[in-house]
Amino acid sequence: PPGAHVPVLVIGTGYGGSVAALRLAQAGVDVHMLEMGMAWDTPGSDGKIFANTTTPDHRSYWLRTKTKQPLSNFLGFPLDKDVPKYTGILDAEEFSGITVYQGRGVGGGSLVNGGMAVTPLRERFSAILPSVNAAEMYSTYYPRANAGLGVTEVDQAWWNSVDCYQYARVGRKHAQRSNFSFVFVPNVYDWDYMKKEVAGTVPKSAVAGEILYGNNAGKKSLQKTYLAQAKATGRVAISALHRVTSVTPANGRYTVVVEQLDTSGTVTATKTVTANKVFFAAGSVGTSKLLTRLKATGALPGLNNEIGKGWGDNGNVMCGRANHLWDATGTVQASIPTAGIDNWDAGGAFAEVAPLPTGIETWASFYLSITKNPNRAQFTWNSTANRAELNWQAAWKQPSIDMAKTIFDKINAKEGTIYRTDLFGVYKIWGDHLTYHPLGGAILNKATDNYGRLHGCSNLYVIDGALIPGNTSVNPFVTITALAERNIDTIIRTDF
Ligand code: FDA
């Protein structure tokens, strides 16, 4: 309720926020979580909570009147269509030079992501988080995160036999024929459920292509793991459709201003609550935007000059390859990715063999590459426009394209194939206008101390992807979760 006081307030319900809430609650602390997106716990008129990837509707996009599909075109036709404006699940947030895709709702990115749960190779870890003790991460916190998230490996014998992974087997064949290392990656999907989907004994979800706008069964989003456990403690409350706009010190506590939204995005109430401690877990973009504003407007003047810096896109770039007719990728493609091509050490790229769940045969192989792109952008405050801006430039994706080409130019040469030019526009090979993996903006051991305590303001913490300096060499959520587990362990021991 407005005017209420809570011991701990957590802004955002993604990976960082969910870890903080669960571990604090288990330690006996009452926690209130505020989430700007919806709860996603009620079916729509079609009986389903989430819309299918192939049929986006009002539930699919955050306050847009037209979809902004990552793959915008197909065979020369634009795919985007009008939708009613609604507090939908996927935000395609546009900054100059880049569109940043993010999940909106209780569960954050876990609602929309592919579930690829990758622990980076230990020898690459010091380049990701140089101030963090790697031995501790690999002995304690990565295992804890993987257990908490419900990460498991696909049954390879089954994978080798099912139609819905034909596309991935084609990806393996082409990778291996060009002497690349093809690696299976774990996921949070319930593989037994997917086996039943294939067998036809349960409603189809991954096999029906559900992913980008939510998954109605099978995927263990945070709603089913960390947040379910947190709620079961009885100490965690979550308010959905509540967006934090300000955090200011007052009498040794913090006053937090919150806007309540309706499903059209209209502010229906503005509330203030007070808290002893506040955790910023609004995601790399959400946390960075808030902190940039709070520093620039004088609400939190003690924040240091590292706020807003070190933001990266995890080197994301997408592309498709056109296969020969004998390399069909299948009309049914499971939406859950299972593998990647690792050319990180030689070429700076790790490519996820991604599904293209269109329901028709495309003869396309589709990839999301994570690359060692060195470019970093910064959030700054535009006082005239009253918003935080990011200075990423479109041309900064060129290193990512060059690194991805170390894999796909070679595969194309070996197979005698070409890139698809119809997926991101007309005659455009690279999906280089976007990222799924925003990271940084409040870097660990720079904007914060080595455990996420913000410099210059006691009792304020960052505990999400904003802490990570722009790149993880693989898909990021396991690392975000493991780092949050590490930081909260120390914070509970010393600050409570
Ligand atoms: P996260 O973004 O999860 O959560 C932040 C939450 O805070 C959101 O729910 C947001 O609505 C809320 N919020 C923001 N501002 C707020 C405010 N002012 N007030 C209240 N609430 C606010 N990663 C991976 O490892 N494997 C994968 O397969 C994929 N695939 C993938 C696909 C797609 C389409 C996307 C968009 C992303 C992925 N990712 C991924 C990335 C992964 O989902 C992402 O890195 C994490 O969700 C980030 O976790 P955080 O805890 O940092 O924030």
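Reader: Which helices and strands each supply at least two residues of the shell around the ligand?

Author: To read a shell, go element by element. In this predicted model, helix 1 (15–26), strand 6 (98–103), strand 9 (242–250) and helix 11 (477–495) each do that. Strand 9 gives the most, with 3 residues.

Reader: How many residues surround the ligand, and which are the closest?

Author: There are 35, and the closest are Glu 35, Gly 109, Met 116, Gly 465 and Phe 477. By class, the shell divides into 15 nonpolar, 16 polar and 4 charged residues.

Reader: Where are the ligand's oxygen atoms relative to Glu 35, Arg 104 and Pro 476?

Author: For polar contacts, look for N or O pairs within 3.5 Å. A polar side-chain atom of Glu 35 sits 2.7 Å from a ligand oxygen. For Arg 104, a side-chain N or O atom is 3.1 Å from an oxygen of the ligand. Pro 476 uses a backbone N or O atom instead, 3.2 Å from a ligand oxygen. On its own the ligand has 1,000 Å² of accessible area, and the protein covers 95% of that.

Reader: Okay, on to helix 10. What should its 18 residues span?

Author: Count 1.5 Å a residue, so residues 398–415 should span 26 Å; the end C-alpha atoms are 25 Å apart, which agrees. Still, look along the helix too: helix 10 has a kink of about 45°, centred on Lys 405.

Reader: Which residues of helix 10 are buried?

Author: Among them are Met 403, Ala 404, Ile 407, Phe 408 and Ile 411, along with Asn 412 and Glu 415.

Definitions and conventions:
Residues numbered from 1 in each chain as written. Predicted model: local features only at pLDDT ≥ 70, side-chain atom pairs only at ≥ 80, totals over all residues. Heavy atoms only, no water. Helix = DSSP H or I, 4+ residues; strand = E, 2+ residues; numbered from the N terminus. Expected span 1.5 Å × (residues − 1). Bend = angle between axes of the 7 residues up to and from the residue. Buried < 20%, exposed > 50% of the residue type's maximum accessible area, 1.4 Å probe, protein only. Near = heavy atom within 4 Å. Polar contact = N/O pair within 3.5 Å; in protein donor to acceptor, adjacent residues only side chain to side chain. Areas by Shrake-Rupley, 256 points an atom, 1.4 Å probe, with all protein chains shown as cover. Nonpolar A, V, L, I, M, F, W, Y, C, P; charged D, E, K, R; others polar.
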